[in-house]
Amino acid sequence: MKSTVETLSPTRVRLAIEVPFVELEPSLKKAYREIGQQIQIPGFRKGKVPPAIIDQRVGRGAVLNEAVQEAIPQNILAAVREHDLKTLGRPEVDITEFNDGDSLNFTAEVDVRPEITVPDLASIEVTVDELQIDDSEIDEQVNGLRERFATLKTVERAAAEGDYVQIDLRATVDGEEVPGGSASNISHEVGSKQLLPGLDEAVVGLSAGEDTTFTTQLVGGDFAGRDAEVLVTVRTVKEKELPELNDEFAQLASEFDTIEELRADLRERVTRGKRVEQIYAARDKALEQLVEAAAVPAPEGVIRDEVESRKEAMADQLERIGASMEDYLAAEEKTEEQIDAELTDAATQGVKVQLLLDTLADAEDVQVSDDEFGHEIVHRAQRAGMAPQQYYDQLVRSGTAGAVYGDVRRGKALASVMERITIKDSAGNVVTMDALREASEQEHSHEH
């Protein structure tokens, strides 16, 4: 095999490859063997059909075609090794010349990893929002806790919004009872719109023992789309009582003895959450700056494939909830071109960041230990609701274990970026990774 390489852009090359006919012999033999296994010819045992008969029945062209399809990827791989190329994505192949008995000439265009010079990380400075916590945010947290410990007390008055009622329901269409349209002693929060349209309005003003009818449109069952008369009877009216905000409440709702301690703990939690947000903002800004400073070029083929796969994933998600791309576009008030442009922007930035982090990982010889890789597999398996071994086997089968390894390696490269850049908040204070690490460790310890 002879090959030459032509650079089309910083991210794309064209390989011109010439394979002498004699080098195609092994692929040709294999093709005869495989086709021979697939056809049945009277008088010959399966797999024992001579080449001349296969040429007659199937055609020499089909055999040559099969041989070439096998030889092309092998020769591309050999050429890539020979020229020491770091390829990305799938090659686009074009057969320029091939006749029986002559050499096979073809070209393969493929994206390659560009040469990137990573700027000095110490020169990168990003600004994030200052950490500010308003008392109202803590009040909101406290009120959430109060709601969770609210009690219901029966009252002798008409139902109002926010009350809980025990009700009986009976639906009829033209005087005929709706199958499954009756229920008794259901608890319902007035104004929550959780049950039937029109129910909340009908119940307001009714006391225990009173009833009324209202009209609602049925959505399921034999009478779907028809108007039903619903008789609603109120059994009891209860109002929600929120516990008083005192030390007793703190002891009921938390491990703290006083309301002050509880508020201080909630403030700390809100602070931790905001610190983690700060770090995500810093990460995104730093990567944006680095990609720009390093002028990372975008490999078109890889981005095309990435956009395709993101679009497919979107369509799958929509299908799972019973919607189509058209529904989504209508809901978002966007055209397909706008969605394509957004996906292309996101994919371009994503691919550029990956290239930058890969370059950094190479430059710093970042290694991934078996432990680190195993940890990531366990984490992903949990998210997918699978056993780790089963998840790993699936990765190996689909050939994507290498991609996960690459993700872990890039994650380590990113961590070293975050250690070395300068992060300041809008008030000019330096934000350190230590404070953030502490915040996320505390987050984890609270989860367990």
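What follows is a short chat about a helix pair and some strands.

Reply: This is a predicted model, where local features need pLDDT of at least 70, side-chain atom pairs count only at pLDDT 80 or more, and totals for chains, interfaces and linings use all residues. Residues are numbered from 1 along each chain as its sequence is written, and side-chain values use heavy atoms, leaving out hydrogens and water.

Me: At what angle do helix H8 and helix H10 cross?
Reply: Roughly 125°, with the axes of H8 (residues 300-320) and H10 (residues 336-363) coming within 9 Å. Helices are DSSP runs of H or I with at least four residues, strands are E runs of at least two, and both are numbered from the N terminus. Axes are lines fitted to C-alpha atoms, for helices over the stretch in contact, and angles run from 0 to 180 degrees between N-to-C directions.

Me: Which residues of H8 meet H10?
Reply: Among them are Val302, Ile303 and Met314. On the H10 side, the residues include Ile339, Leu343 and Val351. Contact means heavy atoms within 4.5 Å.

Me: Now the strands. How many bridges pair E7 with E10?
Reply: 9, in the antiparallel sense, with E7 covering residues 164-173. Two strands pair if DSSP finds at least two bridges between them. Tyr164 stands opposite Lys238 in E10.

Me: And how many join E9 to E10?
Reply: 7 bridges, with E9 (residues 211-217) and E10 running antiparallel. Phe214 stands opposite Val230 in E10.

Me: What about E6 and E10?
Reply: E6 (residues 151-154) and E10 (residues 227-241) pair antiparallel over 4 bridges. Lys153 has Glu239 of E10 as its bridge partner.
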